[in-house]
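Here's a quick tour of a few packing details. Have a look at the sequence and fold, then read on.

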Amino acid sequence: MQIDTDHVFARIESLVHERRTISAKMNEVIDACEVAFPHHGWRDLRQLPYDAASDQLQTWIRKILRDEPPPFNIRGVWIGISTYLVNDRETADMHFIGSATYDAGDTDQNWAVYAGYRPAGSEAGSAILDAIYNIAYRVHPALDNDAEWSLCLAYAAFAVAHTLHSETPAFFDGNDDIGVVVGFDEGDSVTIGRLTNQGLLPAA
């Protein structure tokens, strides 16, 4: 990869809880990428409607829990990012996993690996992640994983944090804290924080 992944990852983490628009934060991540890897494709990625698409997340989560209610109180949530083959075309999307346990000190996120709530068809159908993936590999020469890794992770983290700051999620029962992590399946992840009766709190 040509971008400075350590710098970009740190930038994503630092921006998660800033109360600014998702678009503004995405532009900062793109700036961090473009400094190390100048490319005309970043311009197309700046123009995606990041803010308008974020409202879909709460509806998505509610539908999952309505169609297939979890058999236990959720204590950990993993919003995973993965690639899928849809109509013979590869794309990126998010999916929802719930766990009866959560270990904030587990940097390998094994609590999510062994989570017991994996609803069928839990993909978000995210138009933004699809667009990021498409632009990353469509432009020539391709941005490839420099754009997919950085911007899929950033958008998923920012959109989830925005949703949880905006309203009480459908999976919160109000009794115990719930840990929330967003990341690539078998890859890098960002701990969004803890859902509490006081709202979403940053990770310690």
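## Ile132 in α7

Ile132 sits in helix α7, residues 127-138 (helices are DSSP runs of H or I, at least four residues, and strands are runs of E, at least two, numbered from the N terminus). With 0% relative accessible area, Ile132 is buried (under 20%; over 50% is exposed and in between is partly exposed, with a 1.4 Å probe and protein chains only). Beyond residues up to four places away in sequence, Ile132 touches Leu45, Leu48, Tyr50, Ala147, Glu148, Leu151, Cys152 and Tyr155, contact meaning heavy atoms within 4.5 Å. Ala147 is 15 residues away along the chain, and its C-alpha is 7.4 Å from that of Ile132.

## About the model

This is a predicted model, where local features need pLDDT of at least 70 and side-chain atom pairs 80 or more, while totals for chains, interfaces and linings use all residues. Numbering starts from 1 along each chain as its sequence is written, and side-chain values use heavy atoms, with hydrogens and water left out.

## α2 against α8

The axes of α2 (residues 22-36) and α8 (residues 145-166) come within 10 Å and cross at roughly 155 degrees. That makes α2 roughly antiparallel to α8 (over 145 degrees; under 35 is roughly parallel, 65 to 115 roughly perpendicular, the rest oblique). On the α2 side, the contact uses Ile22, Lys25, Met26, Val29, Ile30 and Cys33. From α8 come Ser150, Leu151, Ala154, Tyr155, Phe158, Ala159 and His162.

## Ser99 in β2

Ser99 belongs to strand β2, residues 89-99, and is buried at 3% relative accessibility. Its side chain reaches the backbone oxygen of Thr101 at 2.6 Å.

Note on methods: Axes are lines fitted to C-alpha atoms, for helices over the stretch in contact, and angles run from 0 to 180 degrees between N-to-C directions. A polar contact is a pair of N or O atoms within 3.5 Å; within protein, one must be able to donate a hydrogen and the other to accept it, and residues adjacent in sequence count only if both atoms are side-chain atoms.
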